[in-house]
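Reader: Could you take me through the charged side-chain pairs of this model, with the reasoning behind each answer?

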Amino acid sequence: MTINEDTTEVPEADSRDTTEGRVYSVSGGDWDDVIADAAHDERMVINMGPQHPSTHGVLRLVLEMEGETVTQLRSVIGYLHTGIEKNCEYRTWTQGVTFVTRMDYLAPLSTEMAYCLGVEKLLQIEAPRRAQLLRVMLLEINRIGSHLVYIATGGMELGATTAMTLGFREREIVLHLLEHLTGLRMNHAFIRPGGLAQDMPEDYREKVTEFVKTMKERLPLYDKLFTGQPIWRNRLKGVGYLPVDACLALGVTGPVLRSAGLPWDLRKTEPYSCYDEFDFDVPVDNGADCWSRYLIRVHEMHESLKIIEQCLEKLEPGPVMVEDKKVAWPAQLSIGSDGMGNSLEHVKKIMGQSMESLIHHFKLVTEGFKVPAGQVYTSVESPRGELSAHLVSDGGTRPLRVHVREPSFVNLQSMPAMAEGGLVADVIAAIASIDPVMGGVDR
């Protein structure tokens, strides 16, 4: 700091205007005078993220603060930027499943489902009944796992570390079951155009039944520890308020919309894959706050268990892939004894008995099947809301255009409406109640 030549006064601080507001460079002087000068004129701009653990991924929030109150909030996205949709346009229709499953990595099967329903609609085919029922069963198991992560991470961020230990304990059971049924804990690529990659293991019924029994025993513990707990209730009640008209104006779906009183669930309103045959309720509340969203997700896990039990009752032996050998890929796959690659018998049959089978298998894998020209829009109800796939085909073996309506991306628009006017501590609760996955936002 330099002394002014004309007077003996010392300038309080140099300032410069930036895109985020005015920045002061203070290196001395009287702090009281500096603060008094800035009072009521300048509000503090702070960044939350993109590396902040409470933003559920690489999300950056630019907060304008007046004391502890948030006066303005802007969501800044794009830090992950995977380019999944564009990558799909350079792969076959079946290979696209391995890309879209990585969008919402907490509910990968939902994205696979929306994408494959779109491809099947273009092909004018329908998966066999057993495949459709198994899809529903897998989706509901996955829904429970996703909601458990919501409770675990949301609880941890608000200081309820018990929620984190319990939530991840139960989610590990979900991942173990999915690994047993599909071969992978996450990013399964198990739902394929025309059906499933393969049938369930022989002991799937016992494993799923055991899972349902375990979850029925443990879910009431969440009600005991959190639903009836005054600190947890007071921390969430009245926070992140978003009424139904605001939800509709912003396109918000899922538990956030249902917490505002509108029972919009695509499994009921626009059923797909045999959902119209199942008896289950759509949890609704009218609190329109973080507390209501918590209650709805806990209730949804109970409803998912009901659907899983009904799936086991309805399942009968049958194919899990369409009979059309021009679509079914990989054809007659059987896993080797080491759990990797094709079994020796399968390789012998393809390479030793039929050259035509080998050629067909090779062309299916490398080139893929042709899909008639046209465009479709198919939707499913993911744990976060309405997840849709818009697919365009020019008649070739690759998509011309793939676009996914990801609920995390759309629901994140509601952050300013939820947070502005509230305390900075409540921003954390509001983000957790939306339960965004940045893999879907920055797809």
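This is a predicted model: local features need pLDDT of at least 70, side-chain atom pairs count only at pLDDT 80 or more; totals for chains, interfaces and linings use all residues.

Reader: How many salt bridges does a search of the whole structure find?
Author: Side chains of opposite charge can pair when their charged atoms come close. When the whole structure is searched for such contacts, the number of salt bridges found is 23.

Reader: Which parts does the salt bridge between D104 and R384 tie together, and how far apart in sequence are they?
Author: The side chains of D104 and R384 meet with N and O 2.8 Å apart. D104 lies in the loop between α3 (96–100) and α4 (108–123), whereas R384 lies in the loop between β8 (374–382) and β9 (385–393), so the pair ties together parts whose separation in sequence is 280 residues.

Reader: Are D104 and R384 buried or exposed?
Author: A residue counts as buried when its relative accessible area is under 20%. D104 has a relative accessibility of 0%, and R384 has one of 1%, so D104 is buried and R384 is likewise buried.

Reader: In the salt bridge between K86 and E89, which residue is buried?
Author: The closest N and O atoms of K86 and E89 are 3.0 Å apart. K86, with a relative accessible area of 48%, is partly exposed, while a value of 13% falls under the 20% cut-off, so the buried residue is E89.

Reader: Which residues are linked with E140 in a network of salt bridges?
Author: Beyond the separate pairs discussed above, there is also a network to consider. In this network of salt bridges, E140 is linked with R143, R258, D265, R267, E300 and E381.

Conventions:
Residues are numbered from 1 along each chain as its sequence is written. Side-chain values use heavy atoms; hydrogens and water are left out. A salt bridge is a side-chain nitrogen of Lys or Arg within 4 Å of a carboxyl oxygen of Asp or Glu. Buried means under 20% relative accessible area, exposed over 50%, partly exposed in between (1.4 Å probe, protein chains only). Helices (H or I, at least four residues) and strands (E, at least two) are DSSP runs, numbered from the N terminus.
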